[in-house]
Amino acid sequence: MNKISQDDRAPGADFRSQARELVANRETLRRIFIMREDDSARETLVKYMEQILFGLQDFLQRHVGITEEVPLKELSERFMDTTIGRHPEKKLAQVITDLINGIAPYAVNVASPYFVGHMTSAIPFFMVHLSTIVAALNQNVVKIETSKVVSIVEKQVLAKIHRLIYGFPEDFYKEHIQSGYTSLGGFVEDGTLANLSALWVARNRLLGPKEGFAGVEQEGIARAFAAHGVDRLVVLISQLGHYSLRKSAGVLGLGSDNVLAIGVDEHNRMDIGELTSTLGHLAKTEPRTRVLAVVGISGATETGTVDPLGKIADICQEQGIHFHVDAAWGGPTLFSEKYARLLSGIERADSVTIDGHKQFYMPMTCGMVYFKDPEAMDAIAYNARYVARPGSVDLGIRSLAGSRPSTSLILDSALKIMGAQGYALLIEHGIETAASLAEEIELRENFQLMTRPELNILTYRYCPPEIQKHLATAGPEEALVINQALNEANIALQRRQREAGKSFVSRTTLRFPDGRNGLTVVLRVVIMNPMTHMGILREILDEQESIAARQLPESFRIEP
Ligand SMILES: *Cc1c(COP(=O)(O)O)cnc(C)c1O
């Protein structure tokens, strides 16, 4: 089981003989802060960078799926050290070697084209170079004094993506692109904080200052409710909404229970009839409840589906409700001339979330939030006197984060390297490969396609033909029993495939509109790696069929 050799011991292993030569003193400190200019020092630095680029590259090519069969428990036993050595234990070269040999093989190879279960995948190699530049420059965009031109680049790239979403006229962008008084959006850590920022703005605008009240941001939620005659704020999103919306409602003092789930139609899109009736019902029965926002999803995390954004926009416009679009996943679909229409209506959103570390293929992490109204973010503006002055381009003024890296440099550079067409090709590969996989699943009698892909995500399950037949004619109670057995079998199937280490498909639990099956476990495939092709996907299905036939036959023998 444990096949760790001397050479690839985890970094927990000790190297005491070497440790004795290492000391921390002023001279060694000088050496790590001041780069020596001689040839041998240069050579060493280059050698380390090579080791990182090629050593890791080697790992990424050697392993697939979830690598090495060392159980988590065994791994955790190797990392039980709570002491910090008084003196240095290792040199950089040794630390790099440890990370490559002792950590990487036990990490997850998300770059494998057989790893099709998550929204985290391979990134283009140039992202490593761009990240190195960001680290080396170490700019802090909280403030112009610690970033200068880099903050200006950030405003430019925000305008580029804003234009991709909203397509306002040239003059609009000329006015706002570098304005210190307005903001087209902002970078945040991730999609979760982008959703939080959007709701934060919506909350502060809805519960803004009025006669005798300074606004919710200053006086807090209790006084805001009293001042505005409200006792509950709700957010409406389809049942496929990401849980970050509930977190946000918790943080903002709304309460996570006040994110209300609207059902979906047979295409897994928000049921507009149910949205309208819920809004009507709230208005009639709860006069002191206000709707903070309706959220349309553009690429649901579990099914990749897109809500009817135009129809939601109509309703929000009519009733004066903030319309937020969670396009964390689906946003970059806008690059594809072929498929951008799938997101039609997004240009009417008051705010939009997009994740850079998803379909912009950036390294972890990069979230972004955009606002249609360039003054919207004034609702969250803060002016710490020593940090940010009003009207300055200090980006910390309108931002949840304080200090943060210049991730925008990576995005701006990636857009230049890829071009819109480069991103479009990635998006189109994902959508079209997912469509082919759906066809393949429908051709195989042992599988059932559970949610048809709209973008590049689909779900299905293993369900042999005799059980499918049985299920079709079963009464509701019997159907529930069969469904439960299928759930367990699919959980076991997914786990065994993952443990085999060759490929990885994720699983999730969905509720289907007919309701008669209760909660249904489904296998989920996300196609974002351009190296994933139908040959690989057929192998993955073959492997599942063989696991089911060899290891799980009793699970599929469901007695009538
Ligand atoms: C991934 C995702 C999020 C959350 O993004 P993080 O970057 O993981 O915080 C929110 N909404 C949707 C639709 C997502 O797919």
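**A walk through the predicted model**

Ala420 is partly exposed, with a relative accessible area of 43%. This alanine belongs to helix H15, which covers residues 407-443. The C-alpha atom of Ala420 is separated by 47 Å from that of Glu89, a residue 331 positions away along the chain. The structure shown is a predicted model, and the values below are computed from its atoms.

The wider layout comes next. The protein chain is divided into domain 1 (16-109), domain 2 (139-404) and domain 3 (430-550). Between the C-alpha centres of domain 1 and domain 2 the distance is 40 Å.

The ligand is the next stop. It is surrounded by 15 residues, and the closest are Asp190, Thr192, Asp326, Asp355 and Lys358. Sorted by class, this shell holds eight polar, four charged and three nonpolar residues. Helix H9 (residues 191-206) supplies the largest share of the shell, namely three residues.

A polar side-chain atom of Thr192 is 2.6 Å from a ligand oxygen. For Asp355, an N or O atom of the side chain lies 2.7 Å from an oxygen atom of the ligand. Gly191 takes part through its backbone, where a polar atom is 2.9 Å from an oxygen atom of the ligand. On its own the ligand has 380 Å² of accessible area, and the protein covers 89% of that.

The peptide bond that runs from Met364 to Thr365 is cis, with omega near -15°. Tyr361 sits in the loop between E6 and E7 as well. Its phi is near 55°, which is a positive value in a residue other than glycine. Tyr361 has a relative accessible area of 3%, so it counts as buried, the cut-off being under 20%.

A further loop joins helix H6 (126-137) to helix H7 (149-166), and Lys148 lies in it. Lys148 is not a glycine, yet its phi is positive, at about 45°. With a relative accessible area of 64%, Lys148 is exposed, because the value is over 50%. Ser147 also has its place in the loop between H6 and H7. In contrast to Lys148, which is exposed, Ser147 is buried, with a relative accessible area of 2%. A polar atom of the Ser147 side chain lies 2.8 Å from the backbone oxygen of Lys143.

The last stop concerns the cysteines. A disulfide is a covalent bond between the sulfur atoms of two cysteines. How many disulfides does a search of the whole structure find? The search returns zero. Cys366 is buried, with a relative accessible area of 1%. Cys463 is buried too, and its relative accessible area is 0%.

Notes: Residues numbered from 1 in each chain as written. Predicted model: local features only at pLDDT ≥ 70, side-chain atom pairs only at ≥ 80, totals over all residues. Heavy atoms only, no water. Domains from an automatic or database assignment. Near = heavy atom within 4 Å. Polar contact = N/O pair within 3.5 Å; in protein donor to acceptor, adjacent residues only side chain to side chain. Areas by Shrake-Rupley, 256 points an atom, 1.4 Å probe, with all protein chains shown as cover. Helix = DSSP H or I, 4+ residues; strand = E, 2+ residues; numbered from the N terminus. Nonpolar A, V, L, I, M, F, W, Y, C, P; charged D, E, K, R; others polar. Disulfide = S-S within 2.5 Å. Buried < 20%, exposed > 50% of the residue type's maximum accessible area, 1.4 Å probe, protein only.
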